Each structure stands twice: as structure tokens, then as C-alpha cells.
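Visitor: I would like to learn how to read a protein structure, one feature after another. Could you take me through this one?

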Amino acid sequence: MIFKMDDRAKSWIESKGKHLTVNSVEVKGCCAVGIQDLLAIPKKPKDLNRYNEFKIDNLSIYIQKNIKVPDKISLKISGVGFFKGISAKLTS
């Protein structure tokens, strides 16, 4: 597993407690096929048995076990000030 993140993303995760949880979210509509997206949350999951843990330097990144992970996950910061967040995208 390869994690791609810049220094801003790494610093942001460190400032939030050094834990990041990545969950899958399925969006369903009445007339369309469901779309799977990822939700990254800066905290440790409650049920560790449902996640694979990856250690990168001093960070712990937890990936939900039902996510079909290709070679890379890209983590990127977006927003400014209080509205900053992190996004996770699967890449090959």
C-alpha cells in the first residue's frame, strides 16, 4: 500500500492527533447506480477489528476492510482556516 500525501496533509493529520480513519460511503439515487466514495476523518476508529492499520512515520492510518484498495491512496488537504478538511482518493 502506498500513501501519497504532501507535507501539509501530514502536518494537518499530526495536529489532529496523528490518527486518520478512511471509510467508504455509498451514495444511492432512485435512477442511478450507487457510487462509492471515501470519507477521511481525523480520529481513531471505535471498532479496530473493522480496519487495517498502516503506520506512516508517526501517523496511524486506518482503512476500512471492505474498501477495495488499489496500489495508492492519495490524501489531500482542502479548504482554509476552520473549514480545512482532508480528502482520500483511490488511485492505481
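Guide: We will go from the overall layout to strands, core, rings and charged pairs.

Guide: Please keep in mind that this is a predicted model, in which local features need pLDDT of at least 70 and side-chain atom pairs count only at pLDDT 80 or more, while totals for chains, interfaces and linings use all residues. Residues are numbered from 1 along each chain as its sequence is written, and side-chain values use heavy atoms, with hydrogens and water left out.

Visitor: How many helices and strands does the protein have, and what pattern do they follow?

Guide: Helices (H or I, at least four residues) and strands (E, at least two) are DSSP runs, numbered from the N terminus. Here there are 1 helix and 7 strands, and along the sequence they follow the pattern β-α-β-β-β-β-β-β.

Visitor: What does "buried" mean, and what share of the residues is buried?

Guide: A residue is buried when its relative accessible area is under 20%, exposed when it is over 50%, and partly exposed in between, using a 1.4 Å probe and protein chains only. In this protein, buried residues make up 26% of the 92 residues.

Visitor: Which strands pair with β6, and in which sense?

Guide: Two strands pair if DSSP finds at least two bridges between them. Strand β1, residues 2-5, pairs with β6 in the parallel sense over 4 bridges, and K4 stands opposite S74 in β6. Strand β7, residues 85-91, pairs with β6 in the antiparallel sense over 7 bridges, with L75 opposite A88 in β7. The hairpin of β6 and β7 has 6 residues between the strands, and there G79 takes a positive phi near 90°.

Visitor: How many bridges join β4 to β5?

Guide: Strand β4, residues 51-56, is joined to β5 by 6 bridges, and the two run antiparallel; Y51, for instance, has Q64 in β5 as its bridge partner. Their hairpin has 2 residues between the strands, and D57 takes a positive phi near 55° there.

Visitor: Which residues of the largest nonpolar core touch the most other members?

Guide: In soluble globular proteins, nonpolar side chains tend to be buried together. A nonpolar core is a set of buried Ala, Val, Leu, Ile, Met, Phe, Trp, Tyr and Cys residues joined through side-chain atoms within 4.5 Å. The largest one here has 17 residues, of which I13, L20, V22, I63, L75, I86 and A88 touch the most other members. At least two residues of this core come from each of α1 (7-15), β2 (19-27), β3 (35-41), β5, β6 and β7.

Visitor: What is L20 in contact with?

Guide: Contact means heavy atoms within 4.5 Å. Leaving aside neighbours within four places in sequence, the contacts of L20 include I13, A40, I61, L75 and I86.

Visitor: How are the rings of F82 and F83 arranged?

Guide: Rings of Phe, Tyr and Trp (its six-membered ring) pair if their centres lie within 6.5 Å; planes under 30 degrees apart count as stacked, over 60 as edge-to-face and the rest as tilted. The structure holds 2 aromatic pairs. In one of them, the rings of F82 and F83 have centres 5.7 Å apart and planes at 80°, so the pair is edge-to-face. F82 counts as exposed at 77% relative accessibility, and F83 is exposed at 68%.

Visitor: Which residue forms a salt bridge with D57?

Guide: A salt bridge is a side-chain nitrogen of Lys or Arg within 4 Å of a carboxyl oxygen of Asp or Glu. D57 forms one with K10, the closest N and O atoms being 2.4 Å apart. This pair links distant parts of the chain, with D57 in the loop between β4 and β5 and K10 in helix α1, 47 residues apart. D57 is exposed at 62% relative accessible area, whereas K10 is partly exposed at 22%.
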